[in-house]
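Biologist: Could we go through this structure together, one topic at a time? I should like to begin with helix packing.
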Amino acid sequence: MPIRGTNHSPLVSDDAPCFTSLSDLDQWNAQPTHVRKLDGVLPYVPRRPAEGTSDAGLGGKLLVCHDYKGGYTESPTAPAYTFNFWGLCDSFIYFAHHRITVPPSGWTTAAHRHGVKMLGTIIFEHAESEADCLRLLVGPLPASLTGPAKSGTNTTLPVSPHYAQLLAELARQRGFDGYLLNVETALRGGPEQTRALTLWIAVLERELKRAVGKHAHVIWYDSVIVDGQLAWQDRLNSINLPFFLPSTAFFSNYTWRSHYPNATAQYLLSVDQSASSRQKELQDLYIGVDVWGRGSHGGGGFGLYKALSHVDPKSLGLSVALFGHAWTWESEQDKPGWSWKVWWEYERRLWLGPSKGGELVQVPDWTPREGELPCEHGPFVPISDFFLRRPPPNPADLPFFSSFSPGVGWSWFVRGVSVLHTEHGWTDLNKTTSIGDMVFPKPVLAWENGDRDEALPLATSEISMVDAWLGGSSLTVCISVPASDAEDAFFRCVWLPLQSLSVTPGKSYRMSVVLKTTGSVDVDVGASVKAFSAGLAEFDISHVPAPSGQAPLPEGWFEVVIDFKPLAALKRDVLSAAGLVIGFACEDPTEAAEFSVHVGALSVSANPPSPDNTIPQPRIIWADFAPDTPAHLFPGALTWGTGMSLGPVPTITLTSPEDPRPCWVIDDVLPGFLYFNVYVHAHTPEGVAVLPEQAIFIGTTGLDGRGNRFYLDLACIPPQIFGAKAVRFYVQGVTDTGRVLGWEDCAFVDVRKT
């Protein structure tokens with residue numbers, strides 16, 4: 001939530017982000033306000049299988065476990081670590097050492113936007129958690145004297161569904177998808193307690209699937225064993241197998257020896273699962289790898305690839321659980337010369353490799369532990385080489401939008417105009433979008449009109465924080481054109497892929513790109529879509545002209561819009577690339593030239609089945625403000641209601657009562673919102689409000705998981721507003737395709753001192 005001011009009230013953030021005990025969870029459950037689901041959290045939308053990949057469905061997956069300084073360090077008034085390689089990731093765990101760690105709503109939205117599942121953490125550590133371990137199974141007990149109506153000889157520890165149901169309800173209410181279960185304390189009840197725990201795990205998974213959906217996960221961490229002792233095995237074997245079987249997946253400890261991953265795979269393959277209703281696969285086994293290198297093969301950091309090569313996700317089929325990946329930030333942030341840009345280069349190198357070909361990446365020294373067989377590893381390999389990159393959800397299921405935001409920034413732009421600039425920066429995971437999964441570590445250009453004999457231009461990419469169309473950043477691609485003496489070198493054309501997509505054959509989509517160009521070269525830019533694999537699909541593409549009378553976009557930006565339809569006789573989606581066709585004219589092609597393309601927004605969404613369909617247009621119907629105390633204007637909660645309108649009523653042209661043509665057809669794809677901008681200005685002494693264009697930007701929604709609410713604390717109110725006797729707040733919507741509502745579709749509320 002980019003927001004004006006600093007030192008904000010906790011009320012601008014998520015409620016009850018974590019629970020230190022099961023008793024705390026019961027107290028939360030007793031509050032009537034917890035029932036309402038957070039409507040500002042984007043629901044999970046799965047990715048679809050797509051033609052054009054080497055994925056046979058058997059390769060290993062990547063789980064990222066985010067353990068950073070105890071969690072909940074993200075601030076709306078400072079840059080912090082954010083994750084931007086969602087296409088490589090299947091699941092993400094927000095980890096901390098509280099009894100129950102709930103993922104912040106912004107992290108959950110960021111994951112779901114890319115088709116990634118978001119999990120919280122349930123953890124029991126040290127002797128003080130033993131009582132809660134037992135309470136987890138039997139549920140809370142009353143203070144009254146109670147017990148079995150009659151004693152029996154075969155009575156064992158009972159299992160109550162109470163906390164399984166409560167934890168499932170918590171996941172439903174907060175919008176996340178399951179839990180990592182980590183029991184790192186001995187269970188004194190021995191096999192009786194551990195057996196009961198496996199039953200409770202099965203109940204938890206059942207309740208999660210009921211409350212959240214079939215995609216819900218329960219992941220067991222390699223910790224206690226069947227006799228109740230805490231004994232990390234670093235692999236799957238017979239003494240931790242019973243915990244894995246009722247779970248969705250298994251997360252091994254990360255201090256394994258080099259032969260353990262293969263032993264884990266072989267062990268699972270030897271297990272007789274013929275009688276199981278939920279047979280486990282190799283990709284359900286997540287082999288832990290610690291980025292900090294604490295006992296991990298290869299020493300962590302830029303030696304991670306040594307551990308990943310033994311897990312071998314693509315060939316062996318095991319999955320990887322990467323633990324503590326914010327190492328790139330936490331280990332470097334206090335060093336001289338550190339900045340977000342320096343970190344981003346460091347982070348990118350670990351995940352994607354260096355941006356310059358032939359650049360050597362320094363690998364830390366590492367010695368195998370005593371008794372471990374030596375193994376040979378070549379030069380550095382980035383994390384991305386071990387996993388298949390998957391596109392975000394099909395735009396027909398979830399409109400795709402990117403403002404190339406890594407979730408941090410120093411300014412905030414609305415339609416190319418900066419409405420807020422800060423020296424301290426901001427973090428808002430809710431604003432995280434794809435950064436363009438095909439332009440880093442460097443863009444890959446191709447000649448648009450077939451092969452040419454001359455060398456391709458060179459291209460570099462970066463996230464720009466100084467200029468944007470929407471949000472806090474944009475994508476800048478710098479293109480260096482070498483000199484050419486070819487006869488037709490006056491005008492050349494290249495294809496620049498930006499973003500992978502999964503699209504459905506025969507379905508029509510609309511793609512919009514907002515961009516600008518800089519440099520001394522004449523540049524003409526168009527939008528296009530191509531299949532990843534040559535010959536897999538052709539595309540019917542048509543240019544969509546701007547509406548008649550539409551004013552030029554501000555600050556030099558312009559928009560290119562196309563409609564496209566994949567043409568292929570395929571049952572599955574087509575893996576495709578959305579990108580730009582860039583034509584450039586050089587006055588003297590024998591001289592080298594440079595120019596840049598700045599991409600501010602990219603959106604792709606499904607078109608209605610027929611052009612005759614009326615598409616509902618989103619709008620804000622009303623706004624309201626409730627101060628915390630009636631005697632003061634601030635602080636308080638600003639709320640609003642949204643709806644849709646259908647535009648002008650068409651002329652009815654029915655020829656008879658038997659005319660088969662309907663008067664109108666309303667499209668059933670309902671529009672949504674990415675976020676809302678909030679503005680304020682004071683009434684004039686005469687009590688007349690000025691125009692909304694002159695209002696002062698306060699902030700955006702997104703930090704508290706609520707869709708139609710913004711908490712106005714004193715810190716975000718501009719100084720010139722404090723003395724006003726009456727103010728007007730404006731709420732401005734930004735749709736899920738990146739369109740900023742015109743002021744005629746927005747709402748205001750007047751607030752006066754009583």
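Biologist: How are α3 and α5 oriented to each other?
Modeller: This is a predicted model. In it, helix α3 (residues 130-138) packs against helix α5 (residues 190-211) at an angle of about 55°, and their axes are 10 Å apart. The two helices are therefore oblique to each other.

Biologist: And what is the handedness of the crossing of α3 and α5?
Modeller: The crossing of α3 and α5 is left-handed.

Biologist: At what angle do α1 and α4 cross?
Modeller: Helix α1 (residues 22-29) crosses α4 at roughly 60°, with the axes coming within 11 Å. α1 and α4 are therefore oblique to each other, and α1 passes α4 in a left-handed crossing.

Biologist: Staying with α4, is it largely enclosed or largely open?
Modeller: Ten of the 13 residues of α4 are buried, so the helix is largely enclosed by the rest of the structure.

Biologist: What span should α4 have, and what does the model give?
Modeller: At 1.5 Å a residue, the 13 residues of α4 (residues 162-174) should span 18 Å. The C-alpha atoms at the ends of α4 are 18 Å apart, which agrees.

Biologist: What comes just after α4?
Modeller: Gly175 does, with a positive phi of about 85°.

Biologist: Which residues other than glycine have a positive phi?
Modeller: Arg415 is one of them, with phi near 55°, and Glu555 is another, with phi near 60°. Most residues other than glycine have a negative phi.

Biologist: Where do Arg415 and Glu555 lie?
Modeller: Arg415 is in the loop between β13 (408-414) and β14. Glu555 is in the loop between β22 (538-543) and β23 (558-567).

Biologist: Is Glu555 buried or exposed? What about Arg415?
Modeller: Glu555 counts as exposed, at 51% relative accessibility. Arg415 is partly exposed, with a relative accessible area of 34%.

Biologist: Which residues does a cis peptide bond join?
Modeller: Phe440 and Pro441 are joined by a cis peptide bond, with omega about 5°. Pro441 is placed in the loop between β14 (417-427) and β15 (446-447).

Biologist: Let us turn to sheets. What is the strand order in the open sheet of four strands?
Modeller: The order is β29-β28-β31-β32, and the pairing is antiparallel. At the edges stand β29 (696-700) and β32 (747-752), each with a single partner strand, so one side of each has no neighbour in the sheet. The twist from one strand to the next averages 25°.

Biologist: How many bridges join β31 to the strands beside it?
Modeller: Strand β31 (residues 726-735) is joined to β32 by six bridges, and strand β28 (residues 673-682) pairs with β31 over nine bridges. Both pairings are antiparallel. Val727 stands opposite Val751 in β32, while Phe676 has Gly733 in β31 as its bridge partner.

Biologist: Is β31 buried or exposed?
Modeller: Ten of the ten residues of β31 are buried, so this strand is largely enclosed by the rest of the structure. Ala726, Arg728, Tyr730, Gln732 and Val734 point one way, whereas Val727, Phe729, Val731, Gly733 and Thr735 point the other way.

Biologist: What is the order in the open sheet of three strands?
Modeller: The order is β26-β27-β30, with antiparallel pairing. Its edges are β26 (617-627) and β30 (709-712); each has a single partner strand, so one side of each is left without a neighbour in the sheet. Neighbouring strands are turned by 20° against each other on average, direction ignored.

Biologist: And how many bridges pair β27 with β30?
Modeller: Strand β27 (residues 636-645) pairs with β30 over four bridges, in the antiparallel sense. Leu712 in β30 is the bridge partner of Gly636.

Biologist: Finally, how many disulfides are there?
Modeller: The count comes to zero disulfides, a disulfide being a pair of cysteine sulfur atoms within 2.5 Å.

Note on methods. Residues numbered from 1 in each chain as written. Predicted model: local features only at pLDDT ≥ 70, side-chain atom pairs only at ≥ 80, totals over all residues. Heavy atoms only, no water. Pairing = 2+ DSSP bridges. Axes fitted to C-alpha atoms, helices over the stretch in contact; angles between N-to-C directions. Expected span 1.5 Å × (residues − 1). Buried < 20%, exposed > 50% of the residue type's maximum accessible area, 1.4 Å probe, protein only. Parallel < 35°, antiparallel > 145°, perpendicular 65-115°, else oblique. Left-handed = near helix turned anticlockwise from the far one by under 90°.
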